[in-house]
Amino acid sequence: MNHADIERLAHSWVVDAADRPADPRVQQVVLRLVGDLCKAIEDLDVTPTEFWHGVSYLAAAGATGELGLLAAGLGLERFLDVRADEAEQNAGLAGGTPRTIEGPLYVAGAPESVGFARLDDGTETERGDVLFMQGTVFDQDGRPLPGAKVEVWHANLLGNYSFFDRTQSDFNLRRTIVTDENGRYRFRSIIPVGYGCPPDGTTQQLLDLLGRHGRRPAHIHFFVSHPGRRKLTTQINIDGDDYLWDDFAFASRAGLVPPVQRIDDPARIDALRLDKPYASIDFDFHLYRDTDAAPATLVDRPRAAA
């Protein structure tokens, strides 16, 4: 069949077959996706066996909750960021902190504090490097933003996230910090490690067939928001990680790899009541003001809540 024939068929299935009012947007998207999929089946001579194996694969990925991971691994989540960056550029916005993917592991409802929070529950302190991270949230004109909300979450030393890993305490390595009167935030945690897709999972299964690894560099996730400003979804990567610029989720970006300082001065260690050297990261966030000239940054997607 040629593409025109396929388009007519898809239209008859999706549009002409409607016997009651349809949602125009859903109809538009489904028509395009069904038509494009049929064209791919025709162009690539996809066999019925291959088609049904694909259906079974997607069903398995959904059943194990890996569709969000798959979207990241195939570059689809990164593509949404590319489009958002382009829209902001076209709206004349420039100089803000780079965005990057959210990933599927955010959990709403983390404990909130003003100015400072400790993220970790102390169970890995002896095995990991203590981290202090601090900075200021600014608007696009360089003014500090008191009352900005900095939501932060990251993995433990096994590469696992609380809530999804039930062996961890509630909200371990997850907090919400409201910036102080000077727009400052600060937290104590541990340096996270990089991790990979579940080795026996559906995402890694497809990556193996594509000849790709499923590793992510060590990173820390953030939502940063303030009334009247565009919400920022981003993450910083830990400098020196072997996969820093080889992230299977394509989330590494220039401007999101701050230096990690190793503090071994006894006076500074003692001032924090620590018994060993620690790491320190300085990182400021810069938020754009809200504008109707670019699409909204609030994304409505399924998320966990505890």
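**View 1. Cysteines in a structure that holds zero disulfides.** A disulfide is defined here as a pair of cysteine sulfur atoms within 2.5 Å. The model is predicted: local features need pLDDT of at least 70, side-chain atom pairs count only at pLDDT 80 or more, and totals for chains, interfaces and linings use all residues. Residues are numbered from 1 along each chain as its sequence is written, and side-chain values use heavy atoms, with hydrogens and water left out. Cysteine 38 is partly exposed because its relative accessibility is 22%, whereas cysteine 197, at 9%, is buried; buried means under 20% relative accessible area, exposed over 50%, and partly exposed in between (1.4 Å probe, protein chains only).

**View 2. The largest nonpolar core, with 30 residues.** Such a core is a set of buried Ala, Val, Leu, Ile, Met, Phe, Trp, Tyr and Cys residues joined through side-chain atoms within 4.5 Å. Met133, Phe187, Ile220, Phe222 and Phe285 have the most contacts inside it. Among the elements giving two or more residues to this core are strands S4 (130–139), S7 (184–190) and S10 (219–225); strands (E, at least two residues) are DSSP runs, numbered from the N terminus. Another core, of eight residues, lies apart from it and includes Ala72, Ile101, Leu207 and Phe248.

View 3. Phenylalanine 285 counts as buried because its relative accessible area is 0%. Leaving aside neighbours within four places in sequence, its contacts (heavy atoms within 4.5 Å) include Thr97, Phe138, Tyr185, Phe222 and Thr234. Phenylalanine 285 and threonine 234 are 51 residues apart in sequence, with 9.8 Å from C-alpha to C-alpha.

**View 4. The largest cavity and threonine 176.** On a 1 Å grid over the protein atoms alone, a cavity is a set of points where a 1.4 Å probe fits but cannot get out, and lining residues have an atom within 4 Å of a point. The largest cavity has a volume of about 40 Å³, and its lining includes Tyr106, Trp153, Arg174 and Thr176. S5 and S6 each supply at least two lining residues. Threonine 176 lies in strand S6 (residues 174–178) and is buried, at 5% relative accessibility. Not counting residues up to four places away in sequence, threonine 176 touches Ala110, Pro111, Glu112, Ser113, Lys149, Val150 and Glu151.

**View 5. The second largest cavity, with about 30 Å³ of space.** Asp139, Gln140, Asp141, Arg143, Arg229, Leu287, Tyr288 and Arg289 line the second largest cavity.

Notes
Helix = DSSP H or I, 4+ residues; strand = E, 2+ residues; numbered from the N terminus. 1 Å grid on protein atoms, 1.4 Å probe; cavity = no way out; pocket = protein on both sides within 12 Å on 5 of 7 lines; lining within 4 Å. Points joined across faces, edges and corners; volume = space filled by probe spheres on them.
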